[in-house]
Amino acid sequence: MQVIATAGHVDHGKSTLVRALTGMEPDRYAEERRRGMTIDLGYAWTTLPGGATIAFVDVPGHERFVTTMLAGVGPVPAAMFVVAADEGWMPQSAEHLDALTALGVRHGLLVVTRSDLLDPSLALEEARSHLAGTDLAGVPAVAVSAVTGAGMDELRTALADLAASLPTPDPAADVRLWIDRAFTVRGAGTVVTGTLPAGTLRTDDELDLLGPEGARRVTVRGLQALGEPRDTVPGVARVAVNLRGVAREAVGRGDLLLTPGAFLVGDVVDVRLRDPRGAPADLPSEVSLHIGSAAVPVRVRPLGADTARLRLARPLPLRIGDVVVLRDPGRRRIAAGAAVLDVVPPPLRRRGSGARRAAELATMNPTPDAAAELARRRVVRSADLVAMGVPRSEVAALAVPAAAGWLVDPAVVEPVVTGLGAAVDAHDTTDPLDPGLPTEAARRAADLPDARLIDALLRAADAPGLVHRDGRVSRSVAAGLPAAVRDGLDALRADLEVDPFAAPGADRLAELGLGPREIASLVRAGELLRLADGVVLLAGADDRAVDLLTGLGADELTLSEVRQALGTTRRVAVPLMEHLGRTGRTVRTDSGAHRLRR
């Protein structure tokens, strides 16, 4: 299915055209039919030549209902722009075009209706002149009469071509369904409708229902698309969702259904502005922001020539690259389109911070980029990057220091570790009888959000002389050892980083100049882990073994399974499992197997 919205001046035949195409009545209310004009969103659908199905969102054309029009067009990828042959271009034609331009809608059709009343060529030429220079310049055009049927076959063919040209949405994308209607069905309860742009909805899905009062978890009781019950509905689709246990009064237009935990919900964003008429954006301090079916008051703080900070009256789940419409309700016009650059912008509290932020925004674009976002934020959760709109594949491909779900920009590793070393030295100078900086103090000194990042940074920096153990970051005893011992340790570390559980034999240790006394000094320094006489691994190898064995998901492991999982020999596996038992991380079962403590 593809979804197309109508656009155009009031009483130019949008609803009549949809009715002729589908055989369905898009105007749902008696008041609409009595007045001969659409005042709310209408929906209808049809199957086109070639088998493609198109659903239409029929929007009102009257100036008083522009907010409703934006609610219908917002989530839709294409538009059918309607101009009447006997009236030509009109004021709401211009505002609807401004709205589509602000939204960045590039796919559509120009349809000249009532061609039975007047030669459509004049209206077509006039409309083309207004579309010139916009994203819809050059779209196919068709002249029709819904009364006589002239041009309707050509229109159906053009719609089929348009549907085939639209981008294919990702069925695995996170669900973000903007609700445009909510009503009650006897025996079923509350039903909401909207246009699903991507992702997939399934019965029994758990979703977050986000409204002005916050989010609550809801369950999908049933789904319907094109008037038929469905177990699964992928985007793009017009969909009706029956929600279990939700009162009709608890949901309304502008609310959302979201994949739980997949979005960052905030009330401050930085954007790049685009005036739909091509002039510099002239924004008042307060405008109305439209995205999807939501309309939210916002306060505008200009930053650069074409950038601004928006403070929303209500938090929304926006992502980098989202396009919103800013409407000036006082002058009743589309003020600008805006592309979201940052959904978690830094505070602007100090003198000059606005100018510095404007300079930074000037270098940014609304295409999510994993490396660029990490460089700007220094340290960030990988899940937050995805929630901002960065593709999961890009985040997964980042080769950077990481721990506990956090990612670190490689450019800051050396400066942070250098500063951490200076903080350790300052502490030890002040209190030489209590050497080493406590972990929490070290985290604060390094300005890290999570203490578990300390080990990741020390590994990434290959910081000689700094170790983190026993709750402290301190100068390594190994730093004071003879150069020959340090050289032997470096060579041993290189061996074990390739094969971490291949404990070197006596010959290799001798070759490295690491005899019993040298090994003992390195164990005391916390650099090596001695499992048995002549069996040593790098410090932390036991923790790494536990992580690997836990990942197998088995309740019990035999020694042979341990050996195979770690890629080692019985010489190492036996004392390693005994060490894990002594330190309380495994227990032996009656059958002689090993069970990890969860």
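Tutor: Let us begin with a pair of residues: Ala7 stands opposite Phe81 in β4.

Student: Which strands pair here, and in which sense?

Tutor: Two strands pair if DSSP finds at least two bridges between them. Here β1 (residues 2–7) and β4 (residues 78–84) are joined by four bridges and pair in the parallel sense.

Student: What is the order of the strands in the open sheet of six?

Tutor: The order is β2-β3-β1-β4-β5-β6, and the pairing is mixed. At the edges stand β2 (42–47) and β6 (141–143); each has a single partner strand, so one side of each is left without a neighbour in the sheet. From one strand to the next, the twist averages 25°.

Student: Which helix packs on the sheet and touches β1?

Tutor: Contact means heavy atoms within 4.5 Å. An axis is a line fitted to C-alpha atoms, for helices over the stretch in contact, and angles run from 0 to 180 degrees between N-to-C directions. Helix α1 (residues 14–22) touches β1, β2, β3 (53–58), β4 and β5 (107–113), and its direction makes about 155° with that of β3. Helix α5 (residues 120–131) lies across β4, β5 and β6 and runs at about 150° to β5.

Student: How much confidence does the predictor place in the chain?

Tutor: This is a predicted model, in which local features need pLDDT of at least 70 and side-chain atom pairs count only at pLDDT 80 or more, while totals for chains, interfaces and linings use all residues. Residues are numbered from 1 along each chain as its sequence is written, and side-chain values use heavy atoms, with hydrogens and water left out. The pLDDT is the predictor's confidence in each residue, from 0 to 100. For this chain the mean pLDDT is 87, and 92% of the residues reach 70 or more. Residues 29–39 have a pLDDT below 50, and this stretch has 25 contacts in the model beyond near neighbours in sequence. Residues 61–65 also have a pLDDT below 50, with 19 such contacts. Where pLDDT is low, the predicted coordinates should not be read in detail.

Student: At what angle do α1 and α6 pack?

Tutor: Angles under 35 degrees count as roughly parallel, over 145 as roughly antiparallel, 65 to 115 as roughly perpendicular and the rest as oblique. Helix α6 (residues 152–165) packs with α1 at an angle of about 85°, and the axes are 11 Å apart. That makes α1 roughly perpendicular to α6. Leu17, Ala20 and Leu21 of α1 make the contact with Met152, Leu155, Arg156 and Leu159 of α6.

Student: How are the residues of that contact divided by class?

Tutor: Ala, Val, Leu, Ile, Met, Phe, Trp, Tyr, Cys and Pro count as nonpolar, Asp, Glu, Lys and Arg as charged, and the others, Gly among them, as polar. The contact of α1 with α6 has six nonpolar, no polar and one charged residues.

Student: Where do α17 and α19 meet?

Tutor: Asp542, Ala545, Val546 and Leu549 in α17 meet Leu576, Met577, His579 and Leu580 in α19. These residues divide into six nonpolar, one polar and one charged. Helix α17 (residues 541–550) and helix α19 (residues 570–582) pack at about 95°, with axes 11 Å apart.

Student: Which strands pair with β16?

Tutor: Strand β16 (residues 266–274) runs antiparallel to β19 (residues 307–316), joined by six bridges, and Val269 stands opposite Leu310 in β19. With β21 (residues 333–342), β16 pairs in the antiparallel sense over five bridges; there Asp270 stands opposite Asp342.

Technical notes: Helix = DSSP H or I, 4+ residues; strand = E, 2+ residues; numbered from the N terminus.
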